[in-house]
Amino acid sequence: MNRKLTRCNAHFEKARQRLPLGVASSFRYWGDDKTIYIKQGRGARLTDIDDNSYIDYRLGYGPAILGYAHPEVDAAAREGIEVGGVFAFGTERELTVAQLIFDMVPAAELVRFSNSGTEAVMAALRVARSYTGKDDFIMIEGGYHGLFDAVLWYSEVEAGWTPGSGREPEVLPYSAGVPQSCRQHIHRVPMNDAEQLEDVLRAHGDKIGSLLIEPMMGNCCSITATDEYMHSVRSLCDRYQVLLIIDELKTGFRVARGGVQELLGVQADLCTFAKAVANGYPISVVAGREELMRQIGDQVVHGGTYTAHSVSLAAAEKTLSILAETPVLADIASYGETLQAGLGRILSARNIPHCFVGHPSMGGMFLADKAPTNYREWVQSDYTYYEALAPELHERGVIVEPDSREPWFICAAHDEACLNETLSAFEEAVDATIEKLSGTEK
Ligand code: PMP
């Protein structure tokens, strides 16, 4: 274990003078002496500017489904460059990609593109508000849906809330600068509690136009809706005339070709995708039932200067074709299962309670015996142990998010060598963590 971050640390000192936190997205800041700058990504591996090499299970929060710098996708992207960029006109490839999406996701009858996940969810919410004439919506506790004011709210379960107290967790903005006025439109319910959902609908159904849910919470340990709950959600939405928006930013084209909708056997009214769509080239999708999506062009404005850039579209066509025509998603899931079995063996041998949550292509590691069914239960796991373990993994060349709410993402390039290296690094890291924590207790 001799990782040095000399250049990274020196670069951080310079970068922070021109960039807040020395980075372009706040989630990339890992501390003044722990922030990593990447030189190159290839397959499932990253090399930082100090030439440290890592096996990456963070995968940029999910996009690199086929691995970094995938030769076929990158060749397609180069062809996309030749098309010329963005023109404030359409290109034929928009239809090709929309058709590929519809072929895998039946709910995606009509499709529009944007650049980021945030934009896609914003558009879905706007279409829903326009169609229903109702501004209020329901969010699931623990869900994350992007960086816009309407959804930048969380339920505080870590500080000042006690499980079983009978009190609802406080709902707070994620960020300063989010107008307090947005709070009035949000109703929050825990995952997998259909009764509480119905109570909210009964009490406020006249104001609520949509329910926004990520059924496998890719920002919350991959806590997953049960089939039964998801079917109750679908029928309650129908009964109370509330539109069901399924955010598949992370699950889309990953947990199944048809995403979490296929996995759980439900169909959204509106759904959103990004991440795996183009193996990391910036593109996102809002899609849904024709009747709803026709709001766009009628009453709802949607568009943007960089929408459907020729590079991203070409990469999307290639990525989606590979996902549709090859068994790559099954291979990814199988790697995830083998990895979890190996990690589980190491933890069991040391009597560390654990379980894995969600789909093996984006499994959450939960350090408790029983899988959480909602965000409130996440607090009951030993997440502080996980927070101590993650840096030990980084030291040994394995990248995972230090926050246990972020799942481990698998891509097609994770191979046997990655598996073996990961397991031996994990074993050492677990032992080092045990030692570190018992040292602090003394
Ligand atoms: N929804 C979900 C479920 C996400 O995971 C994310 C990003 N992690 C977003 C929305 C926002 O996407 P973006 O960061 O591309 O704006």
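Predicted model: local features only at pLDDT ≥ 70, side-chain atom pairs only at ≥ 80, totals over all residues.
Is the crossing in which α3 passes α9 left-handed or right-handed?

Let's start with strand β1, residues 38-42, which runs antiparallel to β2 and is joined to β2 by 4 bridges. Within this pair, Arg42 sits across from Arg45 of β2. The two strands make a hairpin with 2 residues between them, and Gly43 in that turn has a positive phi of about 60 degrees.

Now stay with β2, which covers residues 45-48. Side chains in a regular strand alternate between the two faces of the sheet. In β2, Leu46 and Asp48 are on the covered face, while Arg45 and Thr47 are on the uncovered one. On to the next partner: β2 also pairs with β3, residues 53-56, in the antiparallel sense, this time over 3 bridges. Here Leu46 has Tyr54 of β3 opposite. The β2 and β3 hairpin has 4 residues between its strands, and Asp51 takes a positive phi near 70 degrees there.

Back to the helices. Two packed helices are described by the angle and the distance between their axes. For α3 (residues 93-104) and α9 (residues 310-325), the axes come within 10 Å and cross at roughly 30 degrees. Angles under 35 degrees count as roughly parallel, so that's how α3 and α9 lie to each other. And the opening question? α3 passes α9 in a left-handed crossing. Among the residues making the contact are Val97, Leu100 and Ile101 of α3, along with Leu313, Ala316 and Leu320 of α9. Sorted by class, this α3 and α9 contact has 9 nonpolar, 2 polar and 3 charged residues.

Conventions: Residues numbered from 1 in each chain as written. Heavy atoms only, no water. Buried < 20%, exposed > 50% of the residue type's maximum accessible area, 1.4 Å probe, protein only. Pairing = 2+ DSSP bridges. Axes fitted to C-alpha atoms, helices over the stretch in contact; angles between N-to-C directions. Parallel < 35°, antiparallel > 145°, perpendicular 65-115°, else oblique. Left-handed = near helix turned anticlockwise from the far one by under 90°. Contact = heavy atoms within 4.5 Å. Nonpolar A, V, L, I, M, F, W, Y, C, P; charged D, E, K, R; others polar.
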